[in-house]
Amino acid sequence: MAEAAVVFTPPESYTGRLMHYCPGCTHGIIHRLVAEVIDDLGARERTVGVCPVGCAVYAYNYLNLDMIEAAHGRAPAVATGVKRVLRDRVVFTYQGDGDLASIGTAEIVHAAARNEAITVVFVNNAVFGMTQGQMAPTTLVGQRASTAPCGRRPEHEGYPVKIVEMLNALEGPTYLARASMASPRWVRDAKKKLRKAFLAQVEHGGFGLVEVLSSCPTWWGKPPLEALKWIESDMMAYYPVGELRDLPDGQAKGK
Amino acid sequence: MSRILIADDLCRGCGLCVAFCPRHTLRLAARFNKDGLPPVEYVDPDLCVGCGTCALMCPHVAIVLVERTAKAKEGTAR
Amino acid sequence: MSDASPRYGEPVLMKGNEAVCEGAIWAGCRFFFGYPITPQNQIPEYMSRRLPEVGGVFLQGESELASISMVYGAASAGARVMTTSSSPGISLMIEGISYLYGSELPAVIVNVSRGGPGLGNISAAQSDYTQATHMGHGDISMVVLGPNSVQELYEMTAWAFDIADEARAPVMVLADAVLGQMMEPMRPREDAPPPPPSKPWATTGCAGRAPNVVNSLYTADDDLEALNVRVRDRYLRVADRICRCEETQADDADVLLVSFGTSSRVCETGVARLRSRGVRAGLLRPLTLRPFPSARLLELAGSVRVMLAVEMNLGQMLEDVRLAVQGRVRVDFLGRTGGNIPSVAAVAEAAERALAGSD
């Protein structure tokens, strides 16, 4: 008689509350992956998370941890304040592209330059989601947004910012990677990278960041599946997925 | 028997699990949940192999259980 | 300011900016995040050396914007934490201070004011009074302390931490470039400070309890109103207890000078000079700028003939004095700004003019 094995239940670090994100928005997947990684590390009770201003402002309702709401763009500075006080806790930020790549560029650069022992989950969906679809520093050339109704024009709005490549120019950071939500294969890969970004802090005392290419069905004007396909066809073409800076030992230790 | 459990009221009817299920064993129901969205249901539960891809791709953690039963060897009773 | 029987040691010659640091450290502050700006650079420099000596952490933030958010994180983690800046840098911190207030987080912010607006200059001014006492977006009632000596910089900075923890709110010490740069004998406390209160609300990791959330977002209107009322009520209870001022010959004064900080020291000499000329002058010096000693001023409005607000700005505390006296007495004004300080002669002359114009 074949036995049944439970291969999935929702992670303990997820509160179980209905998330407010739009149907098919991959914020929900990323939240779940972060919760799973924190569970895997047995770290729920010694973790402090910092939420952004953006769609994920309500992350404190969905992650079953001590959480702090930061001012827009300042999460890496808030996380730094927490980590410098509570050295043995796991401290992470969860930020969108408006939060991290627009108003928060100074804070993320300097936290990375200091190799601040925090983990940054950077959700890049090429648009300002919460405020209804304005152009972001990560909006692709030609992509339409509410403040770029003709599509982004390099001669007027410049080129999209590649955050991970920029941070890779710094001496400081321990782990830098870009992941994608485009399909199951990429979601599994993203979880591995998120885990390594947490290990950068927990095992190597340094800064770990994963930029996750994520969907915004609502403001891209695409149904959820089509939005994921656009990540694969358009976003991954401009923002290459990979590990730009790997952990010193090249692979995750421990569990 | 491999199976999943779907939390009707968390499901947003986004269809990602339906699209990515390798056995095409899921579909959006013809009815609506309490938020007016069509939740996911099995086309045929026997097709489910408990791979967990649906739970992997669900942004709303509406797949609340995946149970995998190893396939019986050929020739033995299920 | 707070203890029943404080014990003081031998005086040391100390710079005002350094006294801020020692006051903070005595009160148990072990975390400082700040950014260089004249005329308070001695504070981060001193803290960078001194905090590690007492097992604390100093980190220079990449900007004032980052620094106030680092303070916010450290406060959320339950620490006694301070930042300092000067006028334009404080402007950058205003959003963060509003966040601290709305998130019910204690912290101490010291403004060593300089000339403004804009880049201004690096001389002393008192033109951030309105900014300090009307701080930030939202309904904010923030305690603001007004020292006028190196000793008071030490004492009030230390006191600010107690007030901040009790009010669960940021507290500001409003100084200026003269106070920050001057050197005076300062007697440090030798007794131990009272222990800080426990902070069960802090985000320290949720072992053994439900998770804490530190947040100023309340989407339901009633919830946000309730937060505002709750924080205001806590401020009012604290304010009731801590409001204070210092008087010099105010009881029989005909002309009452009202002044804080550096300009109040000029006024002290001004009162002495006026009295030597037979003019019944007095001085009321608010020590707490918020809460403002309105009740005492209203009382004195019944006995003095005229008041004269003396400031290093174009009339900021003046408005609070006029509000306080409710029209019962005329309040004249003498101000210099841009780094200029009213002279004793100018104060005396203005006081006599005020008296002459008051019947």
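Predicted model: local features only at pLDDT ≥ 70, side-chain atom pairs only at ≥ 80, totals over all residues.

Trainee: How do you know that chain A and chain C are in contact?

Mentor: Two residues count as in contact if their C-beta atoms, placed from the backbone, lie within 7 Å. By that criterion 33 residues of chain C are in contact with 28 residues of chain A. Of the two pairs of chains that touch, A and C have the most contacts.

Trainee: Which elements make up the side of chain C that touches chain A?

Mentor: Two or more residues each come from β2 (31-34), β3 (57-60), α3 (64-76), α4 (87-102) and β9 (213-214) of chain C. The most come from α3(C), which gives nine residues.

Trainee: What is the class make-up of that side of chain C?

Mentor: The side of chain C that touches chain A has 19 nonpolar, 12 polar and two charged residues.

Trainee: How many residues are in contact between chain A and chain B?

Mentor: There are 26 residues of chain A in contact with 26 residues of chain B. On the chain A side, β1 (4-8), α1 (27-40), α8 (184-202) and α10 (224-238) each supply at least two residues. The largest share, five residues, belongs to β1(A).

Trainee: What separates chain B from chain C?

Mentor: Chain B and chain C do not touch, and their nearest C-alpha atoms are 20 Å apart.

Trainee: Why are β10 and β15 of chain C said to stand at the edges of the sheet?

Mentor: The open sheet has five strands in the order β10-β12-β11-β14-β15 (chain C), with mixed pairing. β10 (245-248) and β15 (331-335) of chain C each have a single partner strand, so one side of each is left without a neighbour in the sheet. From one strand to the next the twist averages 20 degrees.

Trainee: In what sense do β14 and β15(C) pair?

Mentor: Strand β14 (residues 306-311) of chain C and β15(C) pair in the parallel sense over five bridges. Ala309(C) stands opposite Phe333(C) in β15(C).

Trainee: Which elements of the sheet does helix α11 of chain C touch?

Mentor: Helix α11 (residues 317-325) of chain C packs on the sheet, touching β11 (255-258), β14 and β15 of chain C. The direction of α11 makes about 160 degrees with that of β14(C). Helix α12 (residues 344-356) of chain C runs at about 155 degrees to β14(C).

Trainee: What makes chain C a chain of domains?

Mentor: An automatic or database assignment sets the bounds. Chain C is divided into domain 1 (12-206 + 214-242) and domain 2 (245-356). Their centres, taken over C-alpha atoms, are separated by 27 Å. Across the boundary, 25 residues of domain 1 of chain C are in contact with 22 residues of domain 2 of chain C. On the domain 1 side, α5(C) supplies the largest share, four residues.

How values were computed:
Residues numbered from 1 in each chain as written. Chains lettered and ligands numbered in written order. Nonpolar A, V, L, I, M, F, W, Y, C, P; charged D, E, K, R; others polar. Pairing = 2+ DSSP bridges. Axes fitted to C-alpha atoms, helices over the stretch in contact; angles between N-to-C directions.
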